[in-house]
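Here is a walk through a model, one part at a time. Keep the sequence and the 3D view open as you read.

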Amino acid sequence: MTLSEGEKKYILDSVNDDCRIDGRQRNNYRLMQVETDVIDHANGSARLRIGETEVLVCVKAELETPKPETPDRGAIQFFIDCSANASPQFAGRGGNELASDIQSCLDRAFSSPSVLDYTALCVERGHFSWTLFVDILILQCGGNLYDAVSLGVKAALYNTVIAKVAVKFLADNKPEVEVSSDPSKGFKLDVTNVPCFMTFLRIGNHCVLDPSLEEESCGQGSLVVGITVQGIVTHVRKVGPGSFHPTSMEDALNTANAIGPLIHMQLLSKLKEETADKRGFLR
Amino acid sequence: MAEQLKVEKYWVLVLQEQPSLLVVLKVGVNGKAKGSAYVEAGNTKVITAIYGPREILRRQDFRMKGILYCEVKIANFATQMRAEGNKEAREQELSAVLRHSLEPVVCLHLYPKSQIDVYVHVLEDDGSCLATLITCAGLALCDAAIQTYDLIVGMGLVSFFHLLYCLCESMLDNRYIGGNIYMDPTHDEEKESASSGENGSVIIGLMPSVQQLATIFQYGDVSAQSVTKACKELMSMCQEVTPVLQECLLNACPNSPIAEAEHDDQPDL
Amino acid sequence: MARTEAFFDTGLRADGRDPSQLRKISCKVGAFKQADGSAYIEQGKTKILATVYGPQEIRGGKSKVLHDRALINCQFSMAVFCTSERRNRPRGDRKTMELNSMLQQTYEAAIRVELFPRSQIDIFVEVLQADGGVASAAINAATLALIDAGVPMKDYVCACSAAMVDDFPFLDLSHLEEIVVGSMVTFACLPRSKQIVLSEMSGRLHLDYLDKVMDAALKGCEDVFHIMDSIVRSQVAHMAAAMG
């Protein structure tokens, strides 16, 4: 989005006055909406909307052979597709760079073993383990993609049910997988320690949380902080063309420490009280 | 402390406490490229070449600010296991992080409709890869006479236990291993850290004169206060190491009095 | 054997429908406000999203400019999670390229392109869940999105899929039925003038059956037209009421 100099000055002044162009304060999020179970034949799915940004996350679990260096753990793999629906610039290969940036951020944030219990995904040590394929589709881009994607991932993982399977060894020691015929027999993942990203965009001398598309066009660098509900930081990365003063960075990290756990608790409480009235995109 | 030597146009640092560890700096290693640098920190070896600024050929890419194109390639033989892990994803990540680190440093508004290419090759990766390659890219930028806001000077710490000052990195790699901090860890130390308690890695990119963090990259499980504390310590170490890198760059200039005094015809590298 | 599984003794299909009955169609026109026009359609379990950008200036080079008409640019993409087996890539493979060109040809015939020289109209279709009838649902969604964007067209473009099973024409096949039956046709037409803008077939069909299947499919298109027309009219009435 291109802004005129006057508009940029307006946004800069609004941030200085702690009253942004949509009336929020610097540390306020926009309205968030979450809905799970949107895709029928997925293990878990969620649709998350922050302001104008909308993402659809789908989790599919597939049985694969675990890596030789980690025979008792499952794995998680992310794939992000920037749909052309969000912006004509994403048509063809236009969205690949942005997608790979967000993907590598997610990979890093989820690389520490305390985030998910990967051993619970193991079915038979050395032979079978579940690989979670988390596919993210960005449907609308209204600023703050990192947050939306990470919250969507958390919601989808909360919604994920993986079938209980048993492994039998045949006569020649070949393993065979038996899937339980009862579809309701499955286990859910513990997503308490799953991190969420918080994006702090530097505009002038202040950092704003949850930037909108206009603010992103006039901001300089952003700091993406992946933080869990217990306040453990799993990933920090600076993106964008600007630099940060150490005190700004410290302020951002302290804000993340204060607000991050609140966002987690809000999300989980909303997911728990979700009713069965699912209308998906028809709403 | 440390002894600086000048050995055949290389800046070599021999550390008294750990004489087997060498840190090597050299700029202008590649005759064909506009600017180049080679950095060795312990066993990690990185070489960078810079081409540009050159014109962007496609008209639709026209913009008033220059574009930085960074490509990091890790040699197949660089890691302990050949072509270890997900090499392509790692290369893409390093390229993206390098680009985000160099963008605040280079005066891109002075290069409209132009592209600056930064090609980094990691010849051997023994830990501190990201830190070393950002330093190397920074040195190469200065060698290429690309205009920057700050002279990216490098400094790094080899090991917190020994409190050694290794004068070659602008990025400091700070690792917590169960409460102990290892500065500039080796590959084995990185692996050990990944399996212990509160463990993580913090890498910063500092522009020392303007006191701005060009980049920060953290992974692992650390508390927010620890990240801040790590950054403060890294920054103070950076400041101490700045002068040596500056001197290394100065001496690489063809008209400097030291270079003229030691004029020799040996080929580069 | 396999073919008769689709058609039980009771005369109903596997999901309880009549052979000439369409699946439930629900749509939302204007689902995404950022695009110039958008629509979301659910035809049974097939969920498709379509957005339209334009008419706008041509992106990406003056070489593509057409001096007397608009350029139609379509992108058809199937999300990696849309089928029960996870796909490797959302677009760029043969199936999506084929559907891409189908969409392009359809809308080149239906949109009044001569009204917008030197411009570009983008049509992006995203399949969120595929359960048969993807091509027809995509065309229906794109039509609604174009109407939402206010792009002038000659008529609605309505599409329906059909197949011949044991002398009975089946309409609007689900994914399971598509696999079982083997050969399927998709027709898209301008309902008021009964002109066919797209006809596509997979598998083998005996020539004697062609007329029957085509008539059935065009009847299906007419039904789809009535549904879409009522949705659009109620939407416009709603907007008019809101404007006072």
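**A strand with two partners**

In chain C, strand β2 (residues 37-43) pairs with β3(C) in the antiparallel sense over seven bridges. Two strands count as paired if DSSP finds at least two bridges between them. Strands here are DSSP runs of E, at least two residues, and helices are runs of H or I, at least four residues, both numbered from the N terminus. This is a predicted model: local features need pLDDT of at least 70, side-chain atom pairs count only at pLDDT 80 or more, and totals for chains, interfaces and linings use all residues. Residues are numbered from 1 along each chain as its sequence is written, while chains are lettered from A and ligands numbered from 1 in the order in which they are written.

Look at the turn of this hairpin. Two residues lie between β2(C) and β3(C), and C:Gly44 takes a positive phi near 65°. C:Glu42 stands opposite C:Lys47 in β3(C).

β3(C) also pairs with strand β5 (residues 119-129) of chain C. Nine bridges join these two strands, which run antiparallel. Here C:Ala50 stands opposite C:Val125 in β5(C). Strand β3 (residues 46-57) of chain C is mostly covered, with 10 of its 12 residues buried. A residue is buried if 20 or more other C-beta atoms, placed from the backbone, lie within 10 Å of its own; it is exposed if 12 or fewer do, and partly exposed in between.

**Chain C as a whole**

Now step back. Chain C has five helices and nine strands. Along the sequence they follow the pattern α-β-β-β-β-α-β-α-β-β-α-β-β-α. The radius of gyration of chain C is 18 Å, close to the 18 Å that the globule rule gives for 244 residues, so the chain is as compact as a globular protein of that length. That radius is taken over C-alpha atoms, and the rule is 2.2 Å times the number of residues to the power 0.38. Of the 244 residues in chain C, 46% are buried.

**Where chains A and B meet**

Turn to the other chains. 30 residues of chain A are in contact with 26 residues of chain B. Contact requires C-beta atoms, placed from the backbone, within 7 Å. β14(A) gives the most to the side of chain A that touches chain B, with eight residues. Five bridges join β14(A) to strand β13 (residues 212-223) of chain B, and these strands run antiparallel. The bridge partner of A:Arg237 in β13(B) is B:Phe217.

Conventions:
Contact = placed C-beta atoms within 7 Å.
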